[in-house]
Amino acid sequence: MASKADHLPPAAAPHHHSDPEKLNGHTPNHDRCSVEEVALVVPETDDPSLPVMTFRSWFLGLASCTILIFLNTFFIYRTQPLTISAILMQIAALPAGKLMAATLPDRKFGFMGRTFSLNPGPFNMKEHVIITVIANCGVSFGGGDAYSIGAITVMKAYYKQSLNFLCALLLVLTTQIVGYGWAGMLRRYLVDPVEMWWPSNVAQVSLFRALHEKDIKTQGMTRMRFFLVFFAASFAYYAFPGYLFPILTFFSWVCWVWPHSITAQQVGSGYHGLGVGAFTLDWAGISAYHGSPLVTPWFSILNVGVGFIMFVYIIVPLCYWKFNTFDAHKFPIFSSQLFTSSGHKYDTTKILTPQYDLNIPAYESYGKLYLSPLFALSIGSGFARFSATLVHVALFNGSDIWKQSKSAVKNVKLDIHAKLMKTYKEVPQWWYLILLIGSVVLSLLMTFVWKEDVQLPWWGMLFAFALAFIVTLPIGVIQATTNQQPGYDIIAQFIFGYILPGKPIANLIFKIYGRISTIHALSFLSDLKLGHYMKIPPRSMYMAQLVGTLVAGTVNLAVSWWMLENIESICDIESQHPDSPWTCPKFRVTFDSSVIWGLIGPARLFGPGGLYRNLVWLFLIGAVLPVPVWILSKIFPEKKWIPLINIPVISYGFAGMPPATPTNIASWLITGTIFNYFVFKYRKGWWQKYNYVLSAALDAGTAFMGVLLFFALQNEGRNLKWWGTELDHCPLATCPIAPGIVVEGCPVFK
């Protein structure tokens, strides 16, 4: 039952100014956030008098965004891509902000009837949050989410299209702004409710507090000193896995024990096999694909672990060694390559027309396309994950979502953070609606003006928007509660590949608007929740995100366009010098996806008569699996652990492989278990004070050293070559075991 305090008007909310007693957890219990991790870390006070949108905020925010977008765009084309997170600028902004506060003049200026000061006082935490939010746009565009640039790169570098720059700019910006529009529409479901706590933001809050607050005298190091110590340790240590001793990234000792056994190396290889016994001592390897395990809740780690063990240690071995599923013996057990029936690399140029459509007679002559067994099963898991996500959220969260829709968020529980935010003016819904409708109109215009370039008809664009509208909310619910984002890239391309086969560019564009706009929407929502926790005025967040998006998108495309126009043979491995760093591995995967789903099409691979047709049954299996869990939770409501069984997150245990390896995921699971189960349970005081600070320190130290190594050594071609620089000493792990298959460097079975 809601307490009386839940119904107090804003004026009756607790006092808003900083109070050391409340900062240390003495807020009345009836107001406290019901999520323990949030209650332990997020401040439960506010000072509305602090300036937010200052000259310092804009200057440092836009400078940080521009630097990050340049670096991330530059790195993503290289053989060893590196995503530089906003945490670098988050840390660098503190001394820069304090320097500006100490040196800028404090006299007031007039502008359009208003007065402002370049220096309104000490550099404060709210300014720091706004800077980080703007900088984060530079990561979203240029780092892990740079799909619109990926599509443009595939069109220009792989398909050799003469794409119009204005068309490309619209493609980049509308993808983001559509996502921003979705975020605005979904605030009431994914930001306001207490239960939607976005675990990764708690680490951000912890770092902000460590950087700005003075610890009350207690035993042990202050959080700031702790951060600096482990930042320095992480920075120094990454020189080993990052340059001097890269074998630490994949320590595959099983292959050393059995150097002549294909099976042992398939099982024990950390890079090309199942990774049994292999481990990584590289923080970048641990956090590469599922993010930091220190910020992921224990129940989520447990769910991912169950799925991982089932998939990697039970399903894949049975399908490979016992049943030879999909002619698995002809191919490596673990590979992202495309293969012919003879186990060799598939040459897509042999089945293309000059217009980059499918040459059907050539395809029938050359032969079918095959996938490695783990790759094929991973695609199948994506089918199950999609349907499981929709059904799980409908069963477990559907009634709450429906109530909130009917009562316009009157049923949302108001904790202390929501009450404090009532001090500020809300952003009207129509502000977001204008952005959403405007970007939809511009996207549709693009399909008419540049029809031949984008290949996607107007009805395909509308279908993409409808798909994003359906799935953004359920996926957002899962990410906001578990820190895992079940993807549906495969589904978007699968569906449209059936509807419009033989059009690889259209398939790519559909994926951008049908899936990637969702990724951007969730990124914006996560930042809105950060602003909620840090008590940033909503209208300030709106301006910061919108301006950051426009600047980041423009710079992103400008850098990418310049590189594509000026670097000779960029992304063209066959034409390059062997030591060229411009091999574009991420965009090669994007190109391969356009071949599988757009060019050849799912009907030939997964339709009747297709080799992988039985994987389609996983759509139905994924839809059914959440039902018994939900029924049990209703029959036994006193068993609080039953609703924590999350089928979409369990299926996430096999997401991202390849390129993620089993060793990456296993090491992530072990690290998360140590900190978010054992340390959280037995050393809660230490966990509360240091856990998220440690996560931030490891991220920042690793990233800083990665940048330094690249510019100082690797970019100059000063690479070491010795036993310890080889990632994986398992040369037989990539060998097939079927009789008669001839692959260079592998034994031939009779």
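These questions and answers go through a predicted model of one protein chain.

Residues are numbered from 1 along each chain as its sequence is written. In this predicted model, local features need pLDDT of at least 70 and side-chain atom pairs count only at pLDDT 80 or more, while totals for chains, interfaces and linings use all residues, and side-chain values use heavy atoms, with hydrogens and water left out.

Visitor: How many helices and strands are there in the protein chain?
Guide: Helices (H or I, at least four residues) and strands (E, at least two) are DSSP runs, numbered from the N terminus. On that basis the protein chain has 31 helices and four strands.

Visitor: What percentage of the 750 residues in the protein chain is buried?
Guide: Buried means under 20% relative accessible area, exposed over 50%, and partly exposed in between, with a 1.4 Å probe and protein chains only. Of the 750 residues, the buried part is 59%.

Visitor: What share of contacts between residues at least 6 apart in sequence joins residues at least 24 apart?
Guide: A contact means heavy atoms within 4.5 Å. Take the contacts in the protein chain between residues at least 6 apart; the share joining residues at least 24 apart is 80%.

Visitor: How many residues apart are Asp46 and Lys126, and where do they lie?
Guide: Their side chains meet in a salt bridge, 2.7 Å from N to O. A salt bridge needs a side-chain nitrogen of Lys or Arg within 4 Å of a carboxyl oxygen of Asp or Glu. Asp46 is buried at 3% relative accessible area, and Lys126 is buried at 5%. Asp46 sits in the loop between α2 (36-41) and α3 (55-76), Lys126 in helix α5 (residues 125-142), and the separation is 80 residues.

Visitor: Arg56 forms a salt bridge with which residue?
Guide: Arg56 has 0% relative accessibility, so it counts as buried. The closest N and O atoms are 2.8 Å apart, and the partner is Glu127.

Visitor: Is Glu426 buried or partly exposed?
Guide: Glu426 forms a salt bridge with Arg187, with the closest N and O atoms 3.1 Å apart. Arg187 is buried, at 12% relative accessibility. Glu426 has 47% relative accessibility, so it counts as partly exposed.

Visitor: Which helix gives the largest share of the nonpolar patch?
Guide: Patches take residues with over 30% relative accessible area and no salt bridge; like charges are joined within 9 Å, nonpolar side chains (Val, Leu, Ile, Met, Phe, Trp, Tyr) within 5 Å. This one includes Tyr237, Phe240, Trp253 and Trp722, with about 1,100 Å² of accessible area together, by the Shrake-Rupley method with a 1.4 Å probe, where for residues only the protein chains shown count as cover. Two elements give two or more residues, α11 (239-244) and α12 (253-257). The largest share, three residues, comes from α12.

Visitor: Why is the pair of Tyr237 and Phe240 classed as it is?
Guide: Rings of Phe, Tyr and Trp (its six-membered ring) pair if their centres lie within 6.5 Å; planes under 30 degrees apart count as stacked, over 60 as edge-to-face and the rest as tilted. Here the centres are 6.3 Å apart and the planes at 35°, so the pair is tilted.

Visitor: The charged end of Lys156 sits over the ring of which residue?
Guide: A charge sits over a ring if NZ of Lys or CZ of Arg is within 6 Å of the ring centre and within 35 degrees of the ring normal. The charged end of Lys156 is 4.2 Å from the centre, and the ring belongs to Trp561.
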